[in-house]
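Please look through the sequence and the model below before reading on.

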Amino acid sequence: MGYPDTAGLRPESNDVVALLMKQHEEIRTLLDEVLEHTGEERRHTFRHLVHLLAVHETAEEEVVHPYARRAAEGGEHVVADRLKEEDEAKRALKRLESLDPDGPAFVEEFTSLRESVRAHARAEETYEFTRLLDAGDPARLQALAKAVRAAEAVAPTRPHPGTDSAAKNALFGPPAAVADRARDAMRKVLGRS
């Protein structure tokens, strides 16, 4: 299995898969830019990457993964694997936040994270996104894209390890409140209560 065929999708497509693929490209670019920069530029690029990952993963955990579990063949297994990868990345990001971005420990840990995030994105594109395109109703995939966009404005500013469900989000204090607002906004767009 390869990457989903998005050649026919316009960049401004309302399809959730096209939207997430675009975010994956931006994440890949930022992963490279963090290591290309030093000093304040590295710090700024890393903060931007962390924020984008938080937004992206919150939207996937609250909107995309639940739909994939139901709609895609083998969805439960595919999503479980992705959630495990996402939690590992969140833990690595938390460790990185305490390191000097110009120190060798940061570079070593970040290089490992970069490869893990790239592998995770390939796995999502290969196993989850392809199944969503195969099984998904186009109208539903457009509704999911709207929900993802709604989440972008109110998602947490950084990923929180172990927060792959609403119950776990409630344990993490103020950042969870932001995730709760994101979930509420997405549910409103999707017409769920």
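What follows covers the helices one by one and then their packing in pairs.

This is a predicted model, in which local features need pLDDT of at least 70 and side-chain atom pairs count only at pLDDT 80 or more, while totals for chains, interfaces and linings use all residues. Residues are numbered from 1 along each chain as its sequence is written, and side-chain values use heavy atoms, with hydrogens and water left out. Helices are DSSP runs (H or I, at least four residues), numbered from the N terminus.

**Lengths and bends**

- Helix α2 (residues 39-71) has 33 residues and should span 48 Å at 1.5 Å a residue, which agrees with the 45 Å between its end C-alpha atoms; the expected span is 1.5 Å times one less than the number of residues.
- α2 has a kink of about 45°, centred on E60, where the bend is the angle between axes fitted to the seven residues ending at a residue and the seven starting there.
- α4, with 32 residues, reaches 45 Å from its first C-alpha to its last, close to the expected 46 Å, and α4 bends by about 35° at E125.

**α1 with α2**

- The axes of helix α1 (residues 16-36) and α2 come within 9 Å and cross at roughly 155°, axes being lines fitted to C-alpha atoms over the stretch in contact, with angles from 0 to 180 degrees between N-to-C directions.
- α1 and α2 are therefore roughly antiparallel (angles over 145 degrees count as such).
- α1 passes α2 in a left-handed crossing, meaning that the near helix is turned anticlockwise from the far one by less than a right angle.
- The contact (heavy atoms within 4.5 Å) includes L20, I27 and L31 of α1, and F46, L49 and E60 of α2.
- The residues of this contact divide into 12 nonpolar, 5 polar and 4 charged, where Ala, Val, Leu, Ile, Met, Phe, Trp, Tyr, Cys and Pro count as nonpolar, Asp, Glu, Lys and Arg as charged, and the others, Gly among them, as polar.

**α3 with α4**

- Helix α3 (residues 75-97) and helix α4 (residues 104-135) pack at about 160°, with their axes 10 Å apart, and are therefore roughly antiparallel to each other.
- Their crossing is left-handed, and the contacting residues include V78, A89 and L96 of α3 and F106, L113 and Y127 of α4.
- By class, the contact of α3 with α4 has 12 nonpolar, 1 polar and 8 charged residues.

Notes: Helices (H or I, at least four residues) and strands (E, at least two) are DSSP runs, numbered from the N terminus. Angles under 35 degrees count as roughly parallel, over 145 as roughly antiparallel, 65 to 115 as roughly perpendicular and the rest as oblique.
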